[in-house]
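Let's walk through this protein together, one piece at a time.

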Amino acid sequence: MSKNHGSRDSRNFGFGRKLHYAIKNCLRTHFADGHYATVQAHSERCRLFCDWLLSSHQIADARLINQEVFYAYAAHVRGLLENGDISVSTATNRLSSVNVA
């Protein structure tokens, strides 16, 4: 029995109950169970996004993520960059990974 991934009506589009787990499953599906290191790198960066989502917006469902939330995350990452907490490449990679997922 195959799982109905991609259902718009189910939590996290049918990829799992927890947001980070759902994103990881989505990445695995996107990369067709290949590119292990790429999936792991994107997954780790998306975990930071998930932690930020839960703490600042109380969002635990991917269906609630919209452009405004992404722009707020971009502003958060920019703040980290301006404070010297992260480098330009780290900021770029974090935003890119969220965009892929």
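What follows goes from the overall fold to the helix pairs, and then to the aromatic rings, the cysteines and a loop residue.

A word on ground rules before we start. This is a predicted model, where local features need pLDDT of at least 70 and side-chain atom pairs count only at pLDDT 80 or more, while totals for chains, interfaces and linings use all residues. Residues are numbered from 1 along each chain as its sequence is written, and side-chain values use heavy atoms, with hydrogens and water left out.

Let's take the big picture. The protein has four helices and zero strands, where helices (H or I, at least four residues) and strands (E, at least two) are DSSP runs numbered from the N terminus. Read from the N terminus on, the elements go α-α-α-α. Of the 101 residues, 32% count as buried; here buried means under 20% relative accessible area, exposed means over 50%, and partly exposed is in between (1.4 Å probe, protein chains only). Among contacts (heavy atoms within 4.5 Å) between residues at least 6 apart in sequence, 46% join residues at least 24 apart.

Now for how the helices pack. Two packed helices are described by the angle between their axes and the distance between the axes. Axes are lines fitted to C-alpha atoms, for helices over the stretch in contact, and angles run from 0 to 180 degrees between N-to-C directions. Look at helix α1 (residues 19-30) and helix α2 (residues 36-57): their axes come within 9 Å and cross at roughly 150°. That makes α1 roughly antiparallel to α2 (angles under 35 degrees count as roughly parallel, over 145 as roughly antiparallel, 65 to 115 as roughly perpendicular and the rest as oblique). The crossing of α1 and α2 is right-handed; a crossing is left-handed if the near helix is turned anticlockwise from the far one by less than a right angle, and right-handed if clockwise. On the α1 side, the residues in contact include Leu19, Ile23 and Leu27, and they meet a set in α2 that includes Val39, Cys46, Cys50 and Leu53.

The other pair is α3 and helix α4 (residues 88-100), with axes that come within 9 Å and cross at roughly 165°. So α3 is roughly antiparallel to α4. Among the residues making this contact are Phe70, Tyr73 and Val77 of α3, and Val88, Leu95 and Val98 of α4. α3 passes α4 in a right-handed crossing.

How many aromatic pairs are there? Rings of Phe, Tyr and Trp (its six-membered ring) pair if their centres lie within 6.5 Å, and planes under 30 degrees apart count as stacked, over 60 as edge-to-face and the rest as tilted. By this rule the count is four. The rings of Phe70 and Tyr71 have centres 6.4 Å apart and planes at 50°, so this pair is tilted. Phe70 is partly exposed at 23% relative accessible area, whereas Tyr71 is exposed at 52%. Ring pairs also link Phe49, Trp52 and Tyr73 into a cluster.

Cys46 is buried at 0% relative accessibility, and Cys50 is buried at 9%.

Finally, find Gln58 in the loop between α2 and α3 (67-82). Gln58 has a positive phi of about 55° although it is not a glycine, and it is exposed, at 58% relative accessible area.
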